[in-house]
Number of protein chains: 2
Amino acid sequence: MSQVYDTVIIGAGPAGLTAGIYAARFGLQALILEKLAVGGQIILSSTIENYPGFPGGISTFELMDKFKTQVEQLNIKIEEKQVRGIEVEEKSNSRVYRLQLPDTYLQTKTVIVASGAQPKKLGIKGEDEFIGKGVSYCGTCDAPFFRDKEIVVVGGGDRAIEEAIFLSHYARKVTIVHRRNELRAAKILIKKTQNNPKINFVFDSVVEEIQGENNVRSVLIKNVKTNSQTTLSCAGVFIFVGIQPNTGFLKNFLEMDKLGFIITDDKMQTSKVGIFACGDCRKKDFYQVITACAEGAIAANSCHKYLMDE
Amino acid sequence: MSQVYDTVIIGAGPAGLTAGIYAARFGLQALILEKLAVGGQIILSSTIENYPGFPGGISTFELMDKFKTQVEQLNIKIEEKQVRGIEVEEKSNSRVYRLQLPDTYLQTKTVIVASGAQPKKLGIKGEDEFIGKGVSYCGTCDAPFFRDKEIVVVGGGDRAIEEAIFLSHYARKVTIVHRRNELRAAKILIKKTQNNPKINFVFDSVVEEIQGENNVRSVLIKNVKTNSQTTLSCAGVFIFVGIQPNTGFLKNFLEMDKLGFIITDDKMQTSKVGIFACGDCRKKDFYQVITACAEGAIAANSCHKYLMDE
């Protein structure tokens with residue numbers, strides 16, 4: 001227990017793995033902790049087409065496996081352990097962070113939080129069953145699989161409307177199901193949908209069930225005002241009811257917005273010196289694999305500079 | 001000449017090509033212009049090991065070729081044309097930018113500047129005179145000309161050390177001259193030089209003059225602490241002391257720092273609305289392929305949002 005790491009990276013998605021690659025190249029004593037599966041939430045999508053370097057796309061699992069190999073070739077270990085919380089130990093003239101694991105703890109000079117986020121789920125029947133078989137949480141990733149098909153988009157915020165517009169470039173018909181009779185999305189986005197013959201709306205309604213056999217075939221929709229139910233045929237259901245950052249274990253420790261996204265500067269520095277954050281757990285505008293990777297590299301660079309200045 | 005593009009991307013390095021991939025996926029009418037060679041200055045290096053997704057590294061030429069293929073698969077054209085300057089045309093209630101090319105011009109609603117940077121010169125006597133006669137800014141390009149010869153590498157960053165290692169496969173002896181007594185380069189790189197009997201260091205020193213007749217024969221080195229001068233025989237001088245942005249054509253048009261790097265916010269928005277900048281031409285802290293790519297994606301996203309709001 002006497003070992004003190006230069007840095008411990010929490011999370012083995014694109015941001016955390018890239019932070020690992022860069023930390024290793026900077027010669028840091030680093031460790032990556034992952035509570036679930038290496039790869040992060042991107043592996044919810046089957047294929048990624050917008051990561052530069054892979055024309056025609058690549059399976060997200062394969063891409064993340066390449067990242068993992070690259071990290072391991074640099075002798076950085078990835079351990080499957082969940083971090084429960086972080087404490088500061090101020091020493092005479094240094095600062096050490098103590099990471100609480102389920103059965104023990106780790107000491108480290110710095111922390112790179114890359115704990116990601118997860119899509120908010122509807123929590124309805126068929127949702128988990130058809131993930132990757134018609135149920136998706138990422139239009140950018142999966143739209144091309146629904147060329148000339150009918151799809152349902154659930155949600156009424158900016159992201160839902162943006163994704164619906166994006167999806168309409170591929171799908172034959174996009175039906176946006178929203179629980180209220182008014183959209184939360186920016187008017188400019190709404191206006192765009194009004195000139196789009198492929199997009200139509202079902203208001204005051206919720207999706208109650210996703211149905212199909214091997215793949216999605218329909219959704220059961222309930223009007224929340226009349227309680228009437230209808231079945232709508234579709235090949236895909238895109239759910240955009242928000243993402244939630246995996247930052248509960250850092251509550252009251254790091255500065256966050258009210259949704260729990262960690263606030264950093266452009267060097268990925270959080271409200272605590274020596275603690276950096278990158279990827280989807282971070283408050284920002286554009287949540288992509290390529291941006292998560294860049295933030296991981298920047299976090300490792302900032303971490304290296306911080307350690308050199310100590 | 002009546003066509004007005006949604007966006008024209010200036011530069012086909014990692015930033016510009018990624019901006020192209022994202023612009024295409026947002027459904028924008030886009031065009032990429034490149035004055036020299038697709039790939040940008042990264043192709044001056046032989047191999048890249050820190051781009052996530054390629055364990056063991058990949059030749060930079062091959063990686064950039066994959067980017068190019070990915071762009072072309074999305075039906076975005078890359079044209080070999082140099083932009084001389086940009087003018088704004090304010091119309092009744094819209095704004096169009098006019099790009100001056102050598103023999104014609106292009107009209108576009110937005111511009112993504114990804115014009116990159118080029119190696120900085122030392123600005124010393126003999127440097128210009130012996131370019132191509134022993135003075136080089138690209139190990140990958142010129143190493144084979146220095147087989148079994150003695151060469152000098154100037155610089156102490158990642159690029160200098162990477163190139164020194166590469167050059168040592170050809171040269172008999174590589175002397176790295178660095179103005180400080182400590183290298184800025186990643187420790188993994190520094191370690192590689194320590195096990196390499198061909199590489200040695202001269203610290204606290206600068207090259208003051210490059211000497212020779214038809215070709216380089218020696219350099220004059222000054223120790224910055226003692227001011228003593230020594231002459232070192234060599235057939236080649238490889239200079240890796242930083243980069244300077246290719247932004248001369250935008251002088252007095254966009255806000256830049258005093259070195260000519262374009263100033264943007266974190267959405268890649270420059271001082272002119274509808275003009276975005278990304279990659280090595282941008283003022284920032286960390287110049288990497290992965291960060292250039294992320295900035296290209298962010299620029300395309302901001303560009304898309306701007307066009308939707310118009």
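Helix α6 of chain B (residues 289–309) holds B:E295; helices here are DSSP runs of H or I with at least four residues, strands are runs of E with at least two, and both are numbered from the N terminus. The structure is a predicted model, in which local features need pLDDT of at least 70 and side-chain atom pairs count only at pLDDT 80 or more, while totals for chains, interfaces and linings use all residues. Residues are numbered from 1 along each chain as its sequence is written, chains are lettered from A and ligands numbered from 1 in the order in which they are written, and side-chain values use heavy atoms, with hydrogens and water left out.

B:E295 is buried, at 7% relative accessibility; buried means under 20% relative accessible area, exposed over 50%, and partly exposed in between, with a 1.4 Å probe and protein chains only. Beyond its neighbours within four places in sequence, B:E295 contacts B:M268, B:C278, B:G279, B:R282 and B:K284, where contact means heavy atoms within 4.5 Å.

Turning to a loop, B:F26 sits between α1 (14–25) and β2 (30–34) of chain B. B:F26 is also buried, with a relative accessible area of 16%. Residues up to four places away in sequence aside, B:F26 touches A:H169 and A:F286 as well as B:A300, B:N301 and B:H304. From B:F26 to B:F54, 28 residues apart along the chain, the C-alpha separation is 27 Å.

A further loop of chain B, between β18 (243–245) and β19 (275–277), carries B:D266. With a relative accessible area of 53%, B:D266 is exposed.
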